[in-house]
Amino acid sequence: MSGPGPRPPGARSVDQLLEEARSRITRVTPAQAAERVARGAVLVDIRPQSQREAEGEVPGAVVVERNHLEWRFDPESDARLPQATGYNVDVVVLCQEGYTSSLAADALRSLGLAGASDVIGGHRAWVADGLPTTGGPAA
């Protein structure tokens with residue numbers, strides 16, 4: 001079996017995409033995310049149901065699986081959530097380990113939510129820091 005062949009012109013690796021996304025967003029620690037939520041930020045858990053069931057959830061987090069995120073937070077989308085009140089909504093994205101959430105936060109930034117950020121280390125770091133969860137093995 002042969003390899004993928006040469007990378008097409010202009011194509012970037014997933015590591016490059018991640019680095020570029022992270023250069024455009026502000027990432028926060030789990031404790032900083034919890035502080036922002038206490039001040040009114042929306043914590044958005046983009047993990048699939050299977051991960052939430054296995055690992056637990058953060059109380060109060062809005063669950064929006066990754067494939068719906070942009071539609072739910074675009075303030076001009078007919079499918080937006082009630083929390084998507086405008087472009088100044090403080091959104092913190094949470095995934096399992098803090099990779100997909102960086103790409104997702106950057107997508108929200110592209111929609112105009114300039115303050116969108118993600119949690120460094122994701123849900124696993126949230127749990128390791130002893131922050132509140134329900135369900136899963138950490139509860």
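## Basis of the description

Helices (H or I, at least four residues) and strands (E, at least two) are DSSP runs, numbered from the N terminus. The structure is a predicted model, in which local features need pLDDT of at least 70 and side-chain atom pairs count only at pLDDT 80 or more, while totals for chains, interfaces and linings use all residues. Residues are numbered from 1 along each chain as its sequence is written, and side-chain values use heavy atoms, with hydrogens and water left out.

## Annotated span

An unreviewed UniProt entry carries the annotation "domain: Rhodanese" for residues 37–135; such annotations may be inferred rather than shown by experiment. The span 37–135 is 32% helix and 13% strand, and its end C-alpha atoms lie 20 Å apart.

## Sheet and packed helices

An open sheet is formed by five strands in the order E1-E5-E4-E2-E3, with parallel pairing; two strands pair if DSSP finds at least two bridges between them. Strand E1 (26–28) and strand E3 (62–63) are the edge strands, each pairing on one side only. Four bridges join strand E2 (residues 42–45) to strand E4 (residues 91–94) in the parallel sense, and Asp45 stands opposite Leu94 in E4.

Helix H2 (residues 30–38) packs on the sheet and touches E1, E2, E4 and strand E5 (117–119), where contact means heavy atoms within 4.5 Å. The direction of H2 makes about 100° with that of E1; axes are lines fitted to C-alpha atoms, for helices over the stretch in contact, and angles run from 0 to 180 degrees between N-to-C directions. Helix H5 (residues 100–110) lies across E1, E4 and E5, running at about 150° to E4.

## Salt bridges

A salt bridge is a side-chain nitrogen of Lys or Arg within 4 Å of a carboxyl oxygen of Asp or Glu, and the count comes to nine. Glu65 and Arg52 form one, with the closest N and O atoms 3.5 Å apart. This pair links distant parts of the chain, 13 residues apart: Glu65 is in the loop between E3 and helix H4 (69–73), and Arg52 is in helix H3 (residues 49–55). Arg52 is buried at 11% relative accessibility, where buried means under 20% relative accessible area, exposed over 50%, and partly exposed in between (1.4 Å probe, protein chains only). Glu65 is partly exposed at 30%.

Within helix H5, Asp106 and Arg109 lie three residues apart, about one turn of the helix, and their side chains meet in a salt bridge (2.7 Å, N to O). Asp106 is buried at 8% relative accessibility, whereas Arg109 is partly exposed at 25%. Arg24, Asp106 and Arg109 are linked in a network of salt bridges.
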